[in-house]
Amino acid sequence: MVPPSLYKSSVPLKLVSFLKLTCSDGGLSFDSLPTMTRQDSAAPAGSLSVQGPSNPGYNTNPVPVPVITQTDTRDKWSKKMDFLLSVIGFAVDLGNVWRFPYICYQNGGGAFLIPYIVMAIFGGVPLFYMELALGQFHRTGAISIWKHICPIFKGIGYAICVISLYVSFYYNTIIAWALFYFYSSFASVLPWTNCDNAWNTENCTNYFLKDNVTWNNYSRSPAEEFYTRNVLEIHKSDGLSNVGGVRWQLMLCLFLIFTIVYFSLWKGVKTSGKVVWVTATLPYVVLFILLIRGATLPGAWKGVVFYLQPKWEKLFETSVWVDAAAQIFFSLGPGFGVLLALSSYNPFTNNCYRDAIVTSLVNCLTSFMSGFVIFTMLGYMAEKRNVNVEDVARDKGPSLLFITYPEAIANMTGSTFFAIIFFVMMITLGLDSTFGGLEAIITAVMDEYPEYLAHRRELFVLGLVVVCFLGSLSTLTNGGAYVVKLLEEFGVGSSIIAVGFLEAIAVSWFYGITRFSNDIKSMLGYYPGLFWKVCWVAISPAFLAYIIVSSLLKPAPLQLFDYKYPDWSITVGYIIGASSFMWIPIYMVYKLVWTPGSLKQVRPLMQRFSTVEVYIHLSQIHLNSVFHNS
């Protein structure tokens with residue numbers, strides 16, 4: 001029933017009835033909810049109180065606003081550690097192992113840690129904290145959350161879902177490559193150890209256990225030819241214009257990966273929260289084992305020195321700061337909607353501030369430790385090749401994990417064991433990020449359309465996994481690695497940074513830093529400090545704008561192995577990037593065009609009003625229009 005206090009307000013009964021229908025669609029209900037007036041000075045925990053400027057469209061009399069309380073029907077984490085491990089598992093992914101070490105030594109070694117830490121403190125961690133707090137307070141996914149924050153920015157939620165789909169199209173293929181390697185590792189002699197295989201060419205050069213081996217620009221290691229000619233079979237493709245057929249072996253590996261993903265996600269956080277106890281902790285055990293083994297290899301110290309030796313002059317190069325900003329953003333992962341989704345299953349009073357600090361520290365320290373794991377091996381390879389470490393450390397991206405590191409492992413004592421645990425680590429690192437990415441889509445869509453999907457999660461997750469599998473087929477072809485590179489650069493790239501920028505602007509400037517601070521106060525019992533407020537309002541948006549402008553002004557040429565991407569493929573890449581971001585302006589136009597009334601009347605769509613107040617205002621416009629037409 002409608003609270004009696006509403007009958008005493010200036011809102012007509014017909015409006016109250018209309019509101020009851022309208023607000024229930026957004027997850028709000030006037031039934032059995034405590035009320036408060038707009039004149040109340042304090043907002044109770046979980047409330048949507050009015051703190052914006054007065055609106056001439058309202059009667060000046062107090063209007064009771066319902067207090068939003070947590071529902072018992074929403075899933076919750078069984079344990080606090082389930083949530084922490086899920087967040088850590090998402091944030092610590094394959095990029096921590098392959099991207100950070102390469103970016104670090106390329107940008108000044110130990111000197112790079114200065115811009116990296118600065119960008120983490122003023123950019124990455126504040127955005128990470130913001131998303132955890134938003135998800136925990138509003139308890140909803142990346143689409144429907146904008147009903148509570150700033151409705152006109154709802155397109156951000158749709159853009160996030162499209163970007164997450166693109167990520168699933170290529171990221172799981174990389175995990176499938178790791179599964180192929182894992183299967184191939186069960187051999188007394190690893191298949192990428194020598195040049196005696198059917199896929200090897202005359203350029204294959206095995207310098208391990210041999211003296212006086214000449215290494216030139218045409219030489220190819222057994223590990224490189226195993227990756228390019230046996231796993232990918234990229235030599236059968238002419239590039240993006242002719243990617244060739246689907247590799248059935250990789251398709252089978254991808255099918256197994258998605259099967260694991262489905263049965264980990266189909267029941268919600270109750271199941272995924274248990275799986276991450278294995279997938280999020282096992283990589284640290286393996287990293288620790290590989291670190292100890294690497295430190296005992298000859299030449300390991302050369303790699304460590306090369307990794308950390310500071311080049312202070314690099315600090316004066318703009319590109320170094322851009323790389324540091326991009327690395328911390330993609331490492332922590334704000335803007336992907338994952339943190340919103342995972343934190344939405346937390347108790348309302350959970351200490352999300354402490355969670356943000358702890359998980360950010362774990363992420364950054366993992367990246368730093370991964371550098372030692374990688375560069376001890378690179379130093380060992382340089383010692384064996386009798387070359388400088390920089391001549392060995394030219395590979396970046398997946399090549400570092402699928403060529404350089406396996407090559408070092410293949411020539412160690414106990415190579416089979418180390419190969420198996422290394423690729424198990426890669427698979428688990430990848431799975432954790434996949435869990436988070438798909439959960440962002442699942443939570444966002446199910447919270448937006450609960451009337452259709454509330455009791456059909458298993459079917460919806462199955463449909464989503466099938467779509468992701470079908471969308472990944474182009475990456476399983478002979479030229480699939482070219483497609484992976486294209487999606488990685490343009491499907492995510494600047495699009496997700498622009499989404500993160502708009503999200504920070506919408507929360508800090510439109511929703512309002514005062515309202516957001518009050519939300520945190522209602523959860524934690526204290527307001528965020530001045531440092532966080534300044535970062536949210538100014539520094540973090542500037543941090544993201546800096547990355548966007550730099551990437552657009554100086555786009556790096558796209559190349560994979562010896563293949564240079566043609567101009568038409570770059571155009572296709574920009575179209576892919578625009579296909580996700582375009583939903584933001586499209587939804588803005590849709591909302592402004594289809595909402596009744598003038599632009600002045602619909603300004604609650606763009607101002608810092610509470611969700612209920614927006615509903616009341618739009619409903620008044622609607623009823624006025626109905627009464628006028630009648």
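## A nonpolar surface patch

I114, I117, V118, I121, F122, W312, L530, F531, V534 and I539 make a nonpolar surface patch of about 850 Å². Such a patch consists of residues with over 30% relative accessible area and no salt bridge, with nonpolar side chains (Val, Leu, Ile, Met, Phe, Trp, Tyr) joined within 5 Å; a salt bridge is a side-chain nitrogen of Lys or Arg within 4 Å of a carboxyl oxygen of Asp or Glu. Areas come from the Shrake-Rupley method with a 1.4 Å probe.

Helices α5 (113-138) and α22 (530-553) each supply at least two residues of the patch, and α5 gives the most, with five. V534 lies in α22 and is partly exposed, with a relative accessible area of 37%; partly exposed lies between buried (under 20%) and exposed (over 50%).

## Basis of the model

This is a predicted model, in which local features need pLDDT of at least 70 and side-chain atom pairs pLDDT 80 or more, whereas totals for chains, interfaces and linings use all residues. Residues are numbered from 1 along each chain as its sequence is written, and side-chain values use heavy atoms, without hydrogens and water.

## The interior

Buried residues make up 58% of the 630 residues in the protein.

## Overall fold

The secondary structure comprises 25 helices and four strands, taken as DSSP runs (helices H or I, at least four residues; strands E, at least two) numbered from the N terminus.

Technical notes. Buried means under 20% relative accessible area, exposed over 50%, partly exposed in between (1.4 Å probe, protein chains only). Patches are made of residues with over 30% relative accessible area and no salt bridge: like charges are joined within 9 Å, nonpolar side chains (Val, Leu, Ile, Met, Phe, Trp, Tyr) within 5 Å.
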